[in-house]
Amino acid sequence: MTRTFMSPDYNTTKYVWTDFGGVLTPPVSHTMRVFCQKYGLTESQLRAGFEAVARNHNLTDPLELVDTPLMSEKEWLSEISEQVGGAFQLDTLADDWFRDREPNASWVAYLHEIKAHGVKVGLISNMVPTWDNHWRAMLNEPDLFDDIVLSFEVGYRKPQRGIYEYAAELAGVNPAQCILIDDLARNCEGARAAGWDAIEFTTTEECVKQLHPLLSPAEETV
């Protein structure tokens, strides 16, 4: 039986922005674990490799180099491989990262439901350029999003303020109308600092429980 999240009404001035990895997909930690098992690494080794390469470029965010992007994914992976003992020789992570990855069907269904009732829905994601075709093919929902904001296209990434400002301007709404759904606390904090509401995603059911009050129609004043 298909689960319904039907609410009697929605505040259609709100704009719900969903993250991709870890919200529209299974947790990123699961994908990383499968990748590490394939190449004989531990998750801590791979994370340490990401962080070391970032430090070598005077950055603190492990993925900023590749999803803003400041360098090609092939160059980035080569530097990471050196940090983990030459464990892999890859031009892209996309094939491994998206293999057998399934969308979060219950969250997709919920987004379709609120969209059908007039709530705008957008995607805002830190995305590597070479992953663009992969995520679109995996999700296969060309009509779900009113707007799509990807870090590699705009030159900002969550939790940087610029990406939230860009998204609100693109959508033509005030920041206070925007609600971010993201699995990372730091991205939610960045959204709130930019004037958005934000919910840290754990499960669809818990997220819907927190989101419904934010989508309730504003009370009319006489």
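The legends below accompany an overall view and several close-up views of a predicted model.

**View 1**
The C-alpha trace spans about 70 × 40 × 25 Å along its principal axes. The radius of gyration of the protein chain is 18 Å, which agrees with the value near 17 Å that a compact globule of 222 residues would have. The chain is divided into domain 1, made of residues 15-26 and 103-215, and domain 2, made of residues 28-98, and the centres of the two domains, taken over C-alpha atoms, are separated by 24 Å.

**View 1. The interface of domain 1 and domain 2.**
Domain 1 and domain 2 bury about 1,400 Å² between them, and 60% of this area lies on carbon and sulfur atoms. In domain 1, the residues that lose the most area to domain 2 are Trp 131, His 134 and Arg 157, which together account for 43% of what that side buries. The contact takes 21 residues from domain 1 and 15 residues from domain 2. Between the two domains, nine residue pairs are in polar contact, counting pairs with both residues at pLDDT 80 or more.

**View 2. The side of domain 1 that touches domain 2.**
Across the interface of domain 1 and domain 2 there are two salt bridges. On the domain 1 side, the elements that give two or more residues are helix H7 (132-139) and helix H8 (151-154), and H7 gives the most, with three residues. The residues of this side divide into 10 nonpolar, eight polar and three charged.

**View 3. The salt bridge of Arg 157 and Asp 61.**
Side chains of opposite charge can pair when their charged atoms come close. Here the side chains of Arg 157 and Asp 61 meet in a salt bridge, with 2.5 Å from N to O. The pair links distant parts of the chain, 96 residues apart: Arg 157 lies in the loop between H8 and helix H9 (161-171), whereas Asp 61 lies in the loop between helix H2 (43-56) and helix H3 (64-67). A search of the whole structure finds 10 salt bridges.

Most residues other than glycine have a negative phi, and most peptide bonds are trans. The bond that joins Thr 68 and Pro 69 is cis, with omega about -20°, and Pro 69 lies in the loop between H3 and helix H4 (73-83).

**View 4. The backbone at Asp 100.**
Asp 100 has a phi near 60°, a positive value in a residue other than glycine. This aspartate lies in the loop between helix H5 (94-98) and helix H6 (105-116).

Key
Residues numbered from 1 in each chain as written. Heavy atoms only, no water. Domains from an automatic or database assignment. Contact = heavy atoms within 4.5 Å. Buried area = accessible area lost by both parts, 1.4 Å probe. Salt bridge = Lys/Arg side-chain N within 4 Å of Asp/Glu carboxyl O. Polar contact = N/O pair within 3.5 Å; in protein donor to acceptor, adjacent residues only side chain to side chain. Helix = DSSP H or I, 4+ residues; strand = E, 2+ residues; numbered from the N terminus. Nonpolar A, V, L, I, M, F, W, Y, C, P; charged D, E, K, R; others polar. Rg over C-alpha atoms; globule rule 2.2 N^0.38 Å.
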